[in-house]
Every structure is written in C-alpha cells, then in structure tokens.
Amino acid sequence: MHSHKIVKVSPQNPILQEKLSSELKISKVIAQLLINRSIQNVEEARKFLQPNPKNLHDPFSFHGMEKAVSIIRKAIKNKEKIMVFGDYDVDGITAAALVKETIMKLGGDCLHYLPHRIKEGYGLSKDIANIVKEKKVKLLITVDCGTSNHGQIEELRHLGIEVVITDHHEQSSMHLPCASSIINPKTKASSYKFRDLAGVGVAYKLCQALTEKMLLDDLDLVSLGTIADSVSLTGENRIFAKEGLKRFPQTKREGLRSLIRNAGIENKKFTSTYISFILAPRINASGRMDSAELSLKLLMAKDREEADELAKALESFNRKRQQVESKILEEAQDLIEKEVNFKEHKIIVIAKEDWHQGVLGIVASKLADRFYRPAIVISLSENLCKGSARSIKNFHLFEALVDCKDLLDTFGGHSHAAGLLISKANIDDFRKSINKLANQKLVLEDLLPSIDIDVDLPLSDLNEKLVLQLEALEPFGMANPEPLFFTRNLKVKGQMQILNRATIKFWVSDGQITFPAIGFGMSSLKDSLLSSNSFDLVYSPRIDSWRGDSSIILEIRDIFIR
C-alpha cells in the first residue's frame, strides 16, 4: 500500500527467547514480543505479563510528598477552603475529579477551577490571585499543570496562599516555581522510580498518600486519564491501565456508566481502543468547544438522570467538534499546498485566522501522521496567537521549543506534543528558526514513514493458542503497541468481498495454509491485489467469534504489493 514506507523488522534474540519461553511457559513468538518491548529478563517479563497493584511504588518516595500531605491535612483539619486547579483535557479533568473527591471524603472544604481553553489557555490563569482571593481559598492544589507557572505561584505565595503542584510536564527552566511543595516525576530533582506518569497518575499518588490506602476503585478514572494522555503504557501506567480497564464494565460512577451507555459499548470487554477513540474524545469535546465543566460534572455525577443528560450534551459537543475539525483540516491542507516547500521545510508551520483553538492539537496530529513530519498549527489573532504542535518519532518537540523560546511568549508539553503562545510578528522568524533546527537534527530517513514489525512469521506458525496468548500483552498503547506480524509472498484465494465503509475481506494463502483477512478502508486496493503476482502482509491476528464459531482472522494494517 505504501511503496515508500520503510519496513523495520525487530531483530530476533533466540537465546533470550528460549529462556523466557521455557521459564514462563509462553511461546517463543510471545517471548520475542516481550523482548521487542525492552524486556531484558524473566522477572521483568513476569511483571509485564502479570501487572499487580502490589508493585506500585510508595507514594512517599516522591520528593515533596510528605510536605504536601502535611499541608493538605492541616488545611482539612482547620476547615480552610481548598481549591483544586485542573486542566481542560481528559487527564486534567480525571485528576481534578479524583483529588476533589478524595479531599471531600476526608472532610475537606474543596472547590475546583478548570480554565477555559480559549479564554484562559493552559496552566494557572493570569488572574488566579484574584480568583483565589474572591473565593477565600487558603490552599491551591494544581493537577496536570503548574510546573511552568512561576509568576502566578510567586504572586499566590506573596498572598500567603499555600500551593501544592502535582504535574507531569517537563521542567522548562533551570528553576522551579516557589510552590510549597512540587510533586512531579519529571523535575530535575525528582528521584521517583517511574518518570512517565500522566497527570492523573501523579494525582492518584497524592490521594494514596493522603488516605494511606490503595484506592483500587479509583483506577477507572486513573486508567481513563492515563490512556487518553498517550503516555507510555509501561511500569506503573501499565498497572493503572490494566486494572482500571477491568473496572469499567462494573464502574460505580454514574457518569461513566451514562457515557458508556450513550456510546453503545455496554457489555463489552474494555480495551484501550474504547478509551482512546470512543470515551476520551467525548470527554474532551466540552473543553475543546466550550468549557470543560460539563465533563467534570459528568465524572462526579451521583444521579443517573443528571448523568444521562450530561452524556447527551457531550455527544452533541463531540459531533460539533468533528465538523469544525474536518473544516480546519481541509483548510490546513490547502494552505500546506500553497505555502510549504517540503524540500526546505522539515517542519510544517501554518497559521490562519479564525481557526478554532479547541481542535488545533487534533489537526496538528493528523497532519503529522499524513505528511510524516512535525506539524505546528496556529490560530491567528491580533496579538498573541495560540498554537498546537505534534511531532514524529525522532524529533523531540519540547527541546526544540526550548531552543526557540526567545520567539515564544509561553510554551509547554512533552517530546511529541506541545502547546505555545506566540506573537503574530514572530511567526515567520519562528518558522525559519525551528526549521533550521530540524535541518540539523533530522535526516531524510526520519521523514519517511516506517512500520515497526514485531515478527516475520510464516502462516504455519499461526494458531489459536498463540493468538489467545497475545491478550496477555494488553492493554496496548504508547511503548506497548499492538503486535504486528509480517508474512511475505501471499496470494488472494477465492472471491473478494467489499463490505461497509470501504472494507475489503478475502482469503490469503501461502500455497499451503489459508486464513481470512480483513482490511478496513482498503477496498480501493481490490484491483491491484487481484492483478498482483504476490504481496506481503502486515497484520494483527484476531480470534473471530462471529456467529458463535471461533477462528483466526488477520486484521490488515498494511499491504505491500509486488
């Protein structure tokens, strides 16, 4: 399907394969999949295959945790007003819900504040001091933000307000804000054993420390925010995701139940795909199109009728978001055709008036995927312009923005996703500066899409036992992608069917063994496949239980026609 795509098959390690296979009683294919996910010994493999909440790290091993707990407990005891300040995405909303609920259960007087994406932007609002004074707040707890808000925190501390930061974003300057306590695994001073927690993961560790309990019933929220934020699903995040997904079908949260019913995914085995593509976009929609308050209310709803109404409202916001996103994506592509010279521009930087700021990140992500180069999408305004950026595998976006910081008003984010504010007058210079940097750091091969194959596998090695063992590697996500297999020199056997949504279904054969295969959105390849001498197939095998029969089907991820 993509003749220009680079196929990268993971190198095999027969010695470690044999060791893992014999000691853990797993197939050599599963053993190699673990090796591909950086597993280096039997103990690591066992922990990966059997993630257990007992293996979570002690929350008090966080630098600053003891002080944070002491400050919060004192505020609860003295009946002081506490504010939880969150973010407008799923990670921030789940973190805010979790911390607020925990403090209220401990008897605290707690309110929350979620900034408006368009009116206030990410992080502590510029007028946070006035907001806090008006509400008579004595303690502010940030979730999923705060590490970059030096000025606002200094102002709050001058007012005598205690500030506890819980965050997971990179430290953007040499010095940290003058908060009362900072809990962030990515600060330079942090010695916490797992660096890749989402914002809700850090918030959960605070709640564990406050209550001195495991809080396993809260892992539905933690897994929701963790998976939605596309952090690495390894280490503690793997435990959160695996345990949390188990709890979704029986979740006690009326809001999640309503959301699940409304999305039509009741009575399903929950996977990370349901979170990423069904639940998270709906929860994100209110913050993208208006205020995130609606989503927080949903997650904290106690009444089914109220939860159902909120879930319907989110559905409406999500449909509106899809329409706006589609229009901007079309306009962005037109702009790229006119303005971007791919020989000179290794990074796409485009800007236009009236682009809705709530969908810039999604559009940037789709452009980065489509053109396989970092994309920065900016909504123009008279003064400061809002931008969202998404990257590719070999380009560290946050570090690039640090190098261009003199041209930016503010910025923040991670290696692959970031947000920024920039004056209109600086956009051209920023485009030149970041592309100059990219020309130094990116080679041509970095800009060619590649597909990472786990195992080059003959069809004769595929069986139901192996496919069932693949389930032990779930949930899939960042740093633990769905396993991909590669089989060469196949031919179409029998009739080819075209199903709904441009789906193609046919039988593949190596001359001896035959399996059914299905390719979603691949019907345009029908004629090429039928006229080809042979093709190579990239796929994920599944157990197909349609009509009660159980058999293997190959879900096609890519086709290379010879």
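## Aromatic rings in this predicted model

Let's begin with a cluster: F248, F270 and Y274 are linked by ring pairs. Rings of Phe, Tyr and Trp (its six-membered ring) pair if their centres lie within 6.5 Å; planes under 30 degrees apart count as stacked, over 60 as edge-to-face and the rest as tilted. Searching the whole structure gives 10 aromatic pairs.

The model is predicted, so local features need pLDDT of at least 70 and side-chain atom pairs count only at pLDDT 80 or more, while totals for chains, interfaces and linings use all residues. Residues are numbered from 1 along each chain as its sequence is written, and side-chain values use heavy atoms, with hydrogens and water left out.

## A stacked pair

F62 and Y192 are stacked, because their ring centres are 3.9 Å apart and their planes lie at 10 degrees. F62 belongs to the loop between α3 (42-49) and α4 (65-77), and Y192 to the loop between β6 (181-183) and α8 (199-211), so the pair ties together parts 130 residues apart in sequence. Helices (H or I, at least four residues) and strands (E, at least two) are DSSP runs, numbered from the N terminus.

F506 sits in strand β15 (residues 503-509) and F535 in strand β17 (residues 535-544), 29 residues apart. F506 is buried at 2% relative accessible area, and F535 is buried at 0%.

Note on methods. Buried means under 20% relative accessible area, exposed over 50%, partly exposed in between (1.4 Å probe, protein chains only).
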